[in-house]
2 protein chains.
Amino acid sequence: MAAIKNILGFKASAKSKNILQGITAAENRTTFYPATRSEINEAMTLAAGAFQTYRHFTGQQKAMFLRAIAEEIEFLGEKLVQTAMLESGLPEGRITGERGRTCGQLRLFADYLVEGSWVEAVIDQGNPERQPLPKPDIRRMLVPTGPAVVFTASNFPLAFSTAGGDTASALAAGCPVVVKAHEAHPATNELVALAIQKAAKRTGMPEGVFSSLNGDYKLGQALVKHPLTASVAFTGSHRGGRALFDLAGKRPNPIPVFAEMGSVNPIFILPNVLETQSEQVAEQIAASVTLGAGQFCTNPGLVFVPEEWAEDFAQQLLAALSQVQPQCMLNQRIFESYLGSLQQVKEQHQVAILYEGEMQGAPFIRPSVGLAKAAVFLKNPHLQEEVFGPFTLLVSYAAANSLEQIANALQGQLTASVFAEKHELPHYQNLLNALQNLSGRLILNAVPTGVEVCHAMQHGGPYPATTDSRFTSVGTAAIRRFVRPVAWQNFPGALLPEALQDGNPLGIWRMVDGAFLK
Amino acid sequence: MAAIKNILGFKASAKSKNILQGITAAENRTTFYPATRSEINEAMTLAAGAFQTYRHFTGQQKAMFLRAIAEEIEFLGEKLVQTAMLESGLPEGRITGERGRTCGQLRLFADYLVEGSWVEAVIDQGNPERQPLPKPDIRRMLVPTGPAVVFTASNFPLAFSTAGGDTASALAAGCPVVVKAHEAHPATNELVALAIQKAAKRTGMPEGVFSSLNGDYKLGQALVKHPLTASVAFTGSHRGGRALFDLAGKRPNPIPVFAEMGSVNPIFILPNVLETQSEQVAEQIAASVTLGAGQFCTNPGLVFVPEEWAEDFAQQLLAALSQVQPQCMLNQRIFESYLGSLQQVKEQHQVAILYEGEMQGAPFIRPSVGLAKAAVFLKNPHLQEEVFGPFTLLVSYAAANSLEQIANALQGQLTASVFAEKHELPHYQNLLNALQNLSGRLILNAVPTGVEVCHAMQHGGPYPATTDSRFTSVGTAAIRRFVRPVAWQNFPGALLPEALQDGNPLGIWRMVDGAFLK
């Protein structure tokens, strides 16, 4: 198989004399041309050029582009599914589900653009008669910030990758995208990148609205440092995300990096719920821990159980987990990293490993479960570290333990879940308050995996879950990472963007003199 | 006069054995106790404690607090005006105007809280019947991030200081505030801090909702590094703002720093407007350049004039400037820094100094004006540096010069203004596009000084104007710097915040299943 090329605007490009090898699940021989300095520069220059026209495109035009991307991805059919399965080791159902999510996301943003209110138009009309000074006419709306660099995620070859949520929201905002392809799925990336290229051509988008470059971490660094990059979106490890965040902060002109770096997503099980539903809860958690071989940023890595129920609940959880077939991890590197993290947990004092599914030959695994007492957990910050893979730590708490105190000891999280009977919840308001303080999403009687793509979703959270808790990378609000407000003062209607003109030609929701109107 | 103490919650505190001297306009002898490490820690601990109750206060409760602050500030009467005048050297009209702005701002945020829609409630109702998976009920709103550190600005002793826009918006968000008082007005700061303390007591706010600490830059660093600090707001120099931004980025858990660092606020004068209104334009610009002795972040430091009009326009500008009485700068340090910056401009090649008002004895000054050709300007990036004080550089452009090219060569700006006849503007769409790209506010036929406090205001802009162009420090949207979204999944109404409950008990605007409803 020929080495995979970079996608530079409407061309393919392979200037490097070296060829690198993908790091995929299967022992395939995918190779790619890493982007050279001149290719990086060309991608960014094309993106900056495209920005000058693309940023003025109407919602309808951008929506057409996003819908065309979804169509082109669906048009890839079985080839895309097979390629992604081969590279990621994920099963067919997961890949087709992820494709559905990816295309659904693109169409959701298309609808959002056509509806149009997302620009947050705010109009404060002037008053020349005001004393002591005339009141100027001020009108504000959101405009795109410029070329966005999107890092694809190894664990979501489609939905958080080439045409995933970051790309969809950046393109919706009016920002051209340069993708840093992941070594974990270069062939999948190429297929989707070509689909986007095709969609861009057939909907009349400017060349450079999308490019995709292959490479290792050095490519990522070069893209974050490039003077034409306006923002960065990243989904992956804490180490990777923090490094890019630090790099962006050291630029002569710092740029925002939204890095979603995963978390342990604690689940608190309250006593009463176990009296009637412990088996169902155990089954839900087992399914969540092993979903996608535990390689989700919302994977529940910590489960707090009342001490008196701990043994029974553990048995139920283990029974459920023992039904899970061996799963393929994304690649050998992630498999080894998982084993290393697991080994570290084992070496901690007073942590028992209750269950360790045997390995079936790398990178195939079965889940593992640890157990510790709350007092031990509170003393050992290492037990809060994410084990990327199908592992969860049960922490048993005594009646004397304050759940609020435990929650306050936790780091920032994407999610925090509570399983409870309705009648016992009001007694745990302090716990709920503490969980609200540390997470982006609070979940009742459900597991954190399965992030709904909708307007109300918040997929983010205090550091170290993300680098900026004020933003989300899932849901329509993800667009805000790529826009900034601009105010126009005393401009005549004809020179204002349509969203701000008198008479509201776009028919969008606007705040006019403090009231929401359409 | 006794040395000024720190305000720690409901107490005064003076633990330092050292006493530092203020850096004020008048040769007064204001001294203060710099905050010690233990006082810094106590202020932050009190703030973190207060946050646990204050963050749950209703809009009505917080509004009462903000209104009480305004009342207490007004109640200080002449004493505050005289103190601020003495410390800042600013004239009475400016100080009373600034007081009005400060109290107006507090009341605007109070109204905003009572109206309540600012929490951006978004509800996506669940659907248990959805295939293939049930749709969860997701509801999102904004919640406060935690204790905010506010740096007061030397050039705005009231409106961007102790109870200024940053404090008002952070308190409105539900974040306790710890103020880093400026050495340029410690006595003014103390008066206002005591007014806030009084307002907090009489409206039943928790101790620690507000504290004010005195010190130099080392205090600022300690506050930004403190583990309990959740966000930082700063208005001041590029050097100061960038240093704090860098420091916050190096924390184990980085926190957002919104630093508004000023800009040169370019004005483009198009040819036709000068045919009929050159004198009025010159007078407006002269007034803007000298407003507050040119010590505004929106001071116009660059004016582009058509070459054929440059000489006439310069004469009109100089005539207007010669009418300006000597003005007192904020303090000796700023005066000397102004002279230094001016000297640097003089030393640049092919820059003429057309007018230099004589000094009347430090820190009194008259304005200065430079002149350079566009070709010279484009070659010399130093000419874009802010001269903090009443100076502006006229840049004459030839018909051959592309205004778009000039605009593209400019750094990020808070504002960009155009003076034009209505009929000539449509020919300059490329210029307007370029200006939109680099600034936070576009102004037509008016000067950038005089930032209206309203919903639609954007006071921010691409770096180096601010550290994050996605936020504003003036207007109600300033609250967004201090909040983050949290989503609740599948929670029963009784356990949801009122803003998210069915039936909309607060009667606020919400987005429900994609539609705006009230």
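In this predicted model, L66(A) is in contact with L106(A), F109(A), A110(A), A168(A), L171(A) and A172(A), its neighbours within four places in sequence being left aside. In soluble globular proteins, nonpolar side chains tend to be buried together.

An open sheet of 12 strands with mixed pairing runs from β15(A) to β23(B). Those two strands, β15 (352-356) of chain A and β23 (515-517) of chain B, stand at the edges with a single partner strand each, so one side of each is left without a neighbour in the sheet. From one strand to the next, the twist averages 20°. Two of the pairings are set out below.

| Strands | Sense | Bridges | Residues opposite each other |
|---|---|---|---|
| β20(A) and β21(B) | parallel | 3 bridges | R441(A) and A487(B) |

Helix α14 (residues 429-438) of chain A lies across strands of both chains: β12, β19 and β20 of chain A, together with β6 and β21 of chain B. The helix runs at about 140° to β20(A).

The contact between the chains takes 56 residues from chain A and 56 residues from chain B. On the side of chain A that touches chain B, at least two residues each come from β5, β6, α8, α14, β20 and β21 of chain A. The largest share, 6 residues, is supplied by β21(A). By type, the residues on this side of chain A are 30 nonpolar, 15 polar and 11 charged.

Key: Residues numbered from 1 in each chain as written. Chains lettered and ligands numbered in written order. Predicted model: local features only at pLDDT ≥ 70, side-chain atom pairs only at ≥ 80, totals over all residues. Contact = placed C-beta atoms within 7 Å. Pairing = 2+ DSSP bridges. Helix = DSSP H or I, 4+ residues; strand = E, 2+ residues; numbered from the N terminus. Axes fitted to C-alpha atoms, helices over the stretch in contact; angles between N-to-C directions. Nonpolar A, V, L, I, M, F, W, Y, C, P; charged D, E, K, R; others polar.
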